[in-house]
Amino acid sequence: MRAAAIIVMGVSGSGKSTIGALLAEALGWPFADADGFHPAANVAKMASGQPLTDEDRWPWLDAIAAHIEAARAAGQPVVVACSALRRAYRDRLRAGHKDLVFLHLAGDAGLIASRQAARQGHFMPPSLMASQFATLEDPGAEADAVTVSVQASPHEVVAFALGQLVAAGAISAP
């Protein structure tokens, strides 16, 4: 199975945007950050410290799925950074397609908290970290998911992820 899209997923602060952009660069694929697909109301809600509900997330996930579908229709694979914390969210993105791969960036709460504390200018406040971990449903048992630790440097994480994606048959060796 060759991936039409690699969705770099994980809790806020796990490095989705950084790893996703580096992965896309290594593959020569376009990169999209799902944060840019949030309606203004979602951004305002998160910025005020309120976690999103499923009702808030469905239109956002549908917009991301439409972006992936447009790339698929153009024959262009894409890397997308998207939290995709619950199985239901991943299923919504899959929408019956078997050509998506989820790259789960995993890290413990202490590491993620330190990264969030160092991050500036992002609308997601560190106070929502607990809700992110509470919402996360580990995709480890899902056939189209690969999990990598974010303990190493971003370039090391990408190198390891590329090896795992090749081993899973999702991509050809870059």
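Helices (H or I, at least four residues) and strands (E, at least two) are taken here as DSSP runs, numbered from the N terminus. By that definition the chain has 7 helices and 5 strands, and along the sequence they follow the pattern β-α-β-α-α-β-α-β-α-α-β-α. The structure is a predicted model, in which local features need pLDDT of at least 70 and side-chain atom pairs count only at pLDDT 80 or more, whereas totals for chains, interfaces and linings use all residues. Residues are numbered from 1 along each chain as its sequence is written, and side-chain values use heavy atoms, with hydrogens and water left out.

The overall dimensions come next. The C-alpha trace of the chain spans about 40 × 35 × 30 Å along its principal axes. The radius of gyration, taken over C-alpha atoms, is compared with a globule rule of 2.2 Å times the number of residues to the power 0.38. For 174 residues a compact globule would have a value near 16 Å, and the 15 Å of the chain agrees with this. Of the contacts (heavy atoms within 4.5 Å) with a separation of 6 or more, 75% join residues 24 or more positions apart. Buried residues, meaning those under 20% relative accessible area with a 1.4 Å probe and protein chains only, make up 45% of the 174 residues.

The interior can be described through its nonpolar cores, each a set of buried Ala, Val, Leu, Ile, Met, Phe, Trp, Tyr and Cys residues joined through side-chain atoms within 4.5 Å. The largest has 27 residues, and Ile 6, Leu 23 and Leu 103 have the most contacts inside it. Two or more residues of this core are given by each of β1 (5-9), α1 (16-27), β4 (100-106), α5 (109-118), β5 (145-149) and α7 (154-167). Apart from it lies another core, of 20 residues, including Ala 71, Val 80, Leu 93 and Leu 100. Leu 23 touches Ile 6, Val 8, Val 79, Leu 103, Val 158, Leu 162 and Leu 165, if residues up to four places away in sequence are not counted.

The helix α7 has 14 residues and reaches 20 Å from its first C-alpha to its last, close to the 20 Å expected at 1.5 Å a residue, a span calculated as 1.5 Å times one less than the number of residues. Val 157, Val 158, Ala 161, Leu 162 and Leu 165 are buried in α7. These residues lie on the same side of α7 because they cover an arc of only 135° around the axis, the arc being that of the directions from the helix axis to the C-beta atoms. Their cover includes β1, α1, β4 and β5. After α7 comes Gly 169, with a positive phi near 80°.

Technical notes
Buried < 20%, exposed > 50% of the residue type's maximum accessible area, 1.4 Å probe, protein only.
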